[in-house]
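Trainee: Could you take a close look at one part of this model with me, and then work outward from there? I would like the cut-offs as we go.

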Amino acid sequence: MDRKLRIGIIGCGGIAEAHANRYMQRQREVGDIEVVALCDIIPGKAEEFAKGMGIPNVNFYENHVEMLDKENLDGVSVCTYNREHARCTIDALNRGVNVVCEKPMSVTLDEAVAMCKAEKESGKILSIGFQPRFAPDMQQMKEIVRSGDLGKVYYIQTGGGRRRGIPGDTFIKDSTAGLGAVGDIGCYSLDMVLDALNYPKPLTVTAFMSDYIGTNPDQYEEAADFSVDDFAAAFIRLEGGIIIDFRIAWAMNVDTPGDTVILGTEGGLRIPSDDCWNGDFCGDMTMYKTVNGDNIEYTIDRLPDDQRQSCWIGKIGSFVDAIKTGGPSPIPTSQIIINQAIIDAIVRSAKLGKEVEVVIPEI
Ligand SMILES: NC(=O)c1ccc[n+]([C@@H]2O[C@H](COP(=O)([O-])OP(=O)(O)OC[C@H]3O[C@@H](n4cnc5c(N)ncnc54)[C@H](O)[C@@H]3O)[C@@H](O)[C@H]2O)c1
């Protein structure tokens, strides 16, 4: 493709800055794209964003459909709050525009299914924004699990969170976010371990969710507006006899719910990964093995800091490259729909107070 790819951004809030930064870097360093259009439903917000980010020669919109109809875009970043992911993504795909959509993929499984159908019918690329996949820590962990060194993996404890760290604003309202901690940071912990296992099919989930701290005005200043979860725990059965024991918190009365632990028949891996949204672990991994009858353990060194490139270069770069080569999607919906189906089952199970089946419709 000789001409520059025309890129748009829908939703000019906090995370759109990371998208715009990487597009602008690519525009400067490779010169094969240009950011031509920005959209936000809040009047003036897209203009302010362009000014703040130093994005020149760009058109502004308050309606994403109008932008999609007028701009002849090759690719768009969907950076809205969660409740608008499905609508904006489907509208773009239906108009033949490739999409990188922020995580979580959607709020409900029904929305994720509709997104996958639009992707299939359009023949365009839909990539979901799990940037930690491009981080060296994550890649090293995935290599170890996939190498077979652990034997058959049968139990995983994962999740994480913060003693206090509720984001605020659009993140805490059901009308905009639809999901709290489970959708915001829980999806990362799930992606970390499910991707390492090559996304086995989920079978059942039994879960609990709460909002005790978020709704308590003595503990959280925006409690009056809080209408999502601040904590979730789940017991997830996957095909192949694998269990995920999961817990995630924006706020809890302890510092950490524990490291990610992967147990296999031939070894175990401990991964200090409390808050893994940026792809970094918060310490070295430890491997546990039995060699010639001796129980041994050793540390797996992480790459030095100066060798860690930002995982955002991979996230945006892989999307642009996929548009240029015609795919495949770098972070495919065939995997992430499973992540979303588990989150959907966590919500259903927590509401019903009992175990639920996970059924993912054929696309
Ligand atoms: N990948 C990451 O590391 C990361 C980090 C933070 C947030 N996120 C995700 O990014 C998304 C946005 O988060 P944020 O912090 O930027 O939120 P935000 O509230 O700061 O920004 C969202 C923006 O989208 C706009 N918007 C909503 N619906 C729209 C529509 N239909 N058309 C145009 N604009 C619309 C809102 O007006 C707002 O300005 C969330 O889904 C969040 O989970 C990802």
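Predicted model: local features only at pLDDT ≥ 70, side-chain atom pairs only at ≥ 80, totals over all residues.

**A sheet and its surroundings**

Mentor: Happy to! Residue numbers run from 1 along each chain as its sequence is written.

Strands here are DSSP runs of E with at least two residues, helices are runs of H or I with at least four, and both are numbered from the N terminus; two strands pair if DSSP finds at least two bridges between them. β9 and β10 make a hairpin with 3 residues between them, and in its turn G240 has a positive phi of about 85°.

Now look at the other neighbour of β9. Strand β8 (residues 202-210) pairs with strand β9 (residues 231-238), again in the antiparallel sense and over 8 bridges.

N292 is placed in the loop between β13 (285-291) and β14, and its phi is near 50°, a positive value in a residue other than glycine. N292 is exposed, with 5 other C-beta atoms within 10 Å; the cut-off is 12 or fewer for exposed and 20 or more for buried, with partly exposed in between, and C-beta atoms are placed from the backbone. N57 gives a second case: its phi is also near 50°, a positive value in a residue other than glycine. N57 lies in the loop between α2 (45-53) and β3 (59-61) and counts as exposed, with 8 C-beta neighbours inside 10 Å. As background, most residues other than glycine have a negative phi, and most peptide bonds are trans.

One joins K103 and P104, with omega about -15°, and P104 falls in the loop between β5 (98-101) and α5 (109-122). Another joins G327 and P328, with omega about 0°; P328 is in the loop between α8 and α9 (333-352).

Let's step back to the whole chain. It is assigned domain 1 (5-131 + 311-331) and domain 2 (133-301 + 341-357), with bounds from an automatic or database domain assignment. Their centres, taken over C-alpha atoms, are 27 Å apart. Contact means that two C-beta atoms, placed from the backbone, lie within 7 Å, and by that criterion 14 residues of domain 1 touch 18 residues of domain 2. On the domain 1 side, helix α8 (residues 311-325) gives the largest share, 3 residues.

The largest nonpolar core has 110 residues, and those with the most contacts inside it are I9, V99, A232, I342 and I346. A core is a set of buried Ala, Val, Leu, Ile, Met, Phe, Trp, Tyr and Cys residues joined through C-beta atoms within 7 Å. Since both domain 1 and domain 2 give residues to this core, it lies between them. Beyond its neighbours within four places in sequence, I342 is in contact with L190, P202, V205, I236 and V358.

Lastly, the ligand: of the 27 residues around it, G11, G13, G14, E102 and T170 come nearest, where near means a C-beta atom, placed from the backbone, within 6 Å. Helix α1 (residues 14-29) gives the largest share of this shell, 3 residues. Domain 1 and domain 2 each supply at least three residues to the shell.
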